[in-house]
Amino acid sequence: MEFDIVTPTTKSELLKAIKTNKNNFRFGAGYTDLILELKKKNVLNVTVINLAQLNDKKFNSIERNLKFIRIGALVTASSIVNDKFIEKNFPVLQQAANNLASAQIRQVATIGGNICTASPSGDIACALVALKAKCELLSSTGKTRTVSILEFFLGPRKTAMKKDEILSSVLISLNEKNINIHSGFIKVGTRRSMECSVVSLAYHIQSDKKNLITNVGIAIGSVAPTIRFAENACGFLIGKKASSLARGEKEEFAEKVLKYASPISDIRATAWYRKEALFNICKSILEN
Amino acid sequence: MSKKKKLVVQNVEVTFILNGKKVTKQIRPSLLLIDFIRDELSLAGTKPGCLEGECGACSVLIDGAAVNSCMYLAINIHGKNLTTIEGLSDVNGLDPVQDSMIKHGAVQCGFCSSGMTMSIKSMQIKYKKDKKKPSKEEIKKGLEGNLCRCTGYVKIIEAAEAVINKVK
Ligand SMILES: Cc1cc2nc3c(=O)[nH]c(=O)nc-3n(C[C@H](O)[C@H](O)[C@H](O)COP(=O)(O)OP(=O)(O)OC[C@H]3O[C@@H](n4cnc5c(N)ncnc54)[C@H](O)[C@@H]3O)c2cc1C
Ligand code: FES
Ligand code: FES
């Protein structure tokens with residue numbers, strides 16, 4: 001493994017680095033995916049734009065206003081785990097970050113890396129799909145555009161990002177006022193933490209004072225070429241009473257989620273096992 | 001004449017704290033921290049295991065928190081505080097974490113031990129800062145990134161619990 005590196009420390013140095021290196025570069029943030037990839041491919045003649053020393057508020061911090069919370073692409077999994085506001089308002093995200101790999105990897109792995117790697121088993125990415133987050137993409141011209149994460153993943157390792165763009169941050173809408181949330185992340189793996197998942201489910205369900213469901217996000221990981229947002233299953237729950245769903249309704253919900261799964265059999269699990277597991281987890285999140 | 005451009009790679013200068021002392025070095029950009037520590041700083045206590053982030057044998061502390069040195073670019077140590085297993089003990093003796101490992105019989109072949117020790121140290125620092133006593137489950141979770149093929153973990157977890165929560 002041999003590559004050249006540029007280490008921008010400011011946003012303008014970063015934009016310049018993207019322009020100068022045009023098509024032949026890779027971003028490196030926490031390197032927990034990139035190092036293995038570069039080692040395997042033994043790539044030569046590539047320049048790594050090293051983001052690890054970039055100092056820019058938008059990239060590095062978690063901030064919020066009355067409408068949304070913004071998480072910088074360089075925020076690490078462990079910073080997400082330790083954020084009290086996220087823990088209270090978006091348990092799905094906190095749990096996903098806390099389930100990722102090991103303490104050592106959470107310490108360096110970034111949310112931007114988890115998204116941009118575009119793996120069907122990305123845990124943080126899966127939670128962000130359930131939260132219908134928006135990706136803020138900065139282009140080398142300095143302009144930012146916003147793309148819904150629901151439209152971001154085009155295939156395994158393929159995203160809607162252009163060659164000269166970088167993910168700067170993600171936006172998550174705050175929960176509605178005076179609501180109850182039922183939110184969490186479930187991952188079935190062959191080993192408890194490290195193994196990328198066999199199947200994972202992220203859910204974030206908001207209900208009003210009368211217990212009627214007002215807003216739902218359900219995302220599934222590792223059971224299709226990309227993380228999927230189970231739109232019809234979400235729609236099915238809207239307006240229903242969270243506490244009094246009949247057994248048949250729970251099963252219908254699980255069936256609707258399963259429609260988005262097209263799992264394969266691989267070394268970790270068979271397609272049949274993945275579907276069974278998913279069906280049962282879907283039902284289980286509606287038991288209370 | 002071949003038109004293929006050959007990559008000309010320049011070394012990068014980094015300044016950091018190594019086990020309490022300020023150091024400045026020239027580093028090849030693609031050098032991994034584990035190779036830098038073992039081959040260039042000649043500190044062999046940090047162990048190469050899987051080299052894929054799975055086993056934790058290569059764990060070191062960066063600014064007090066454990067990371068896998070096999071997945072970390074050496075140049076990114078710039079401006080940071082690096083502690084390897086050699087930096088834990090001082091003239092007054094072993095670190096309490098090391099003492100606890102010995103006292104609880106948590107070391108067999110020893111290959112995982114420096115990495116385990118760094119992970120336990122990392123937890124000890126974190127929980128001390130948070131003024132919190134972790135549960136056994138939390139301690140186990142903190143050690144998920146460290147594999148041991150010898151001990152079966154029980155004694156390691158006991159050693160960790162004892163030193164972090166200061167129980168006998
Ligand atoms: C042992 C092990 C266990 C793991 N377990 C899990 C797990 O349980 N769950 C899970 O989800 N993942 C897991 N992973 C994968 C990995 O740790 C995560 O995907 C992590 O979040 C990647 O972040 P990073 O900062 O290290 O990314 P990097 O490796 O730095 O980058 C990943 C990719 O994203 C690109 N990139 C990074 N930042 C940006 C940006 N801001 N804009 C545009 N492109 C960018 C890079 O060019 C690269 O292609 C594991 C990895 C290992 C080695
Ligand atoms: S050698 Fe680094 S984790 Fe195994
Ligand atoms: S003591 Fe031998 S691997 Fe842990």
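Author: Let's take strand β6 (residues 134-139) of chain A. Five of its six residues are buried, so β6(A) is largely enclosed by the rest of the structure. Buried here means under 20% relative accessible area, while exposed means over 50% and partly exposed is in between (1.4 Å probe, protein chains only). The names of elements come from DSSP runs, numbered from the N terminus: helices are H or I runs of at least four residues, strands are E runs of at least two.

Quick housekeeping before we go on. This is a predicted model, where local features need pLDDT of at least 70 and side-chain atom pairs count only at pLDDT 80 or more, while totals for chains, interfaces and linings use all residues. Residues are numbered from 1 along each chain as its sequence is written, chains are lettered from A and ligands numbered from 1 in the order they are written, and side-chain values use heavy atoms, with hydrogens and water left out.

Back to our strand and its partners. Two strands pair if DSSP finds at least two bridges between them. β6(A) is joined by five bridges to strand β7 (residues 144-148) of chain A, and the two run antiparallel. If you want to see one of those pairs, find C135(A): its bridge partner in β7(A) is V147(A). Together β6(A) and β7(A) make a hairpin, with four residues between them. Look in that turn for G142(A), which has a positive phi of about 100°.

Now for another partner. Six bridges link β6(A) to strand β10 (residues 165-173) of chain A, again in an antiparallel arrangement. Here you can find S139(A) standing opposite E165(A) of β10(A).

Follow β10 and you get to the ligand. Along with β2 (25-28), α2 (34-41) and α8 (111-116) of chain A, β10 supplies at least two residues of the shell around ligand 1. The largest share of that shell, four residues, comes from α8(A). Ligand 1 itself lies between chains A and B. There are 36 residues around it, and those that come nearest are F27(A), A29(A), T32(A), D33(A) and T110(A). To be counted as near, a residue needs a heavy atom within 4 Å of the molecule.

What holds your eye in that shell is the set of polar contacts, meaning pairs of N or O atoms within 3.5 Å; within protein, one atom must be able to donate a hydrogen and the other to accept it, and residues adjacent in sequence count only if both atoms are side-chain atoms. In T32(A), a side-chain N or O atom is 2.6 Å from an oxygen atom of ligand 1. K187(A) puts a polar side-chain atom 2.8 Å from an oxygen atom of ligand 1. With L167(A) it's the backbone instead: one of its N or O atoms lies 3.0 Å from a nitrogen atom of the ligand. On its own, ligand 1 has 990 Å² of accessible area, and the protein covers 95% of that. Those areas come from the Shrake-Rupley method with a 1.4 Å probe, and for residues only the protein chains shown count as cover.

T159(A) lies in strand β9 (residues 158-159) of chain A, and it is buried, at 16% relative accessible area. A polar atom of its side chain lies 3.1 Å from the backbone nitrogen of M161(A). Setting aside neighbours within four places in sequence, T159(A) is in contact (heavy atoms within 4.5 Å) with C116(A), A118(A), F152(A) and L154(A).

A101(A) sits in the loop between α6 (91-99) and α7 (103-106) of chain A, and it is buried, with a relative accessible area of 13%. N211(A) is another, with phi near 75°. You'll find N211(A) in the loop between β12 (199-207) and β13 (213-221) of chain A, where it counts as partly exposed at 27% relative accessibility.
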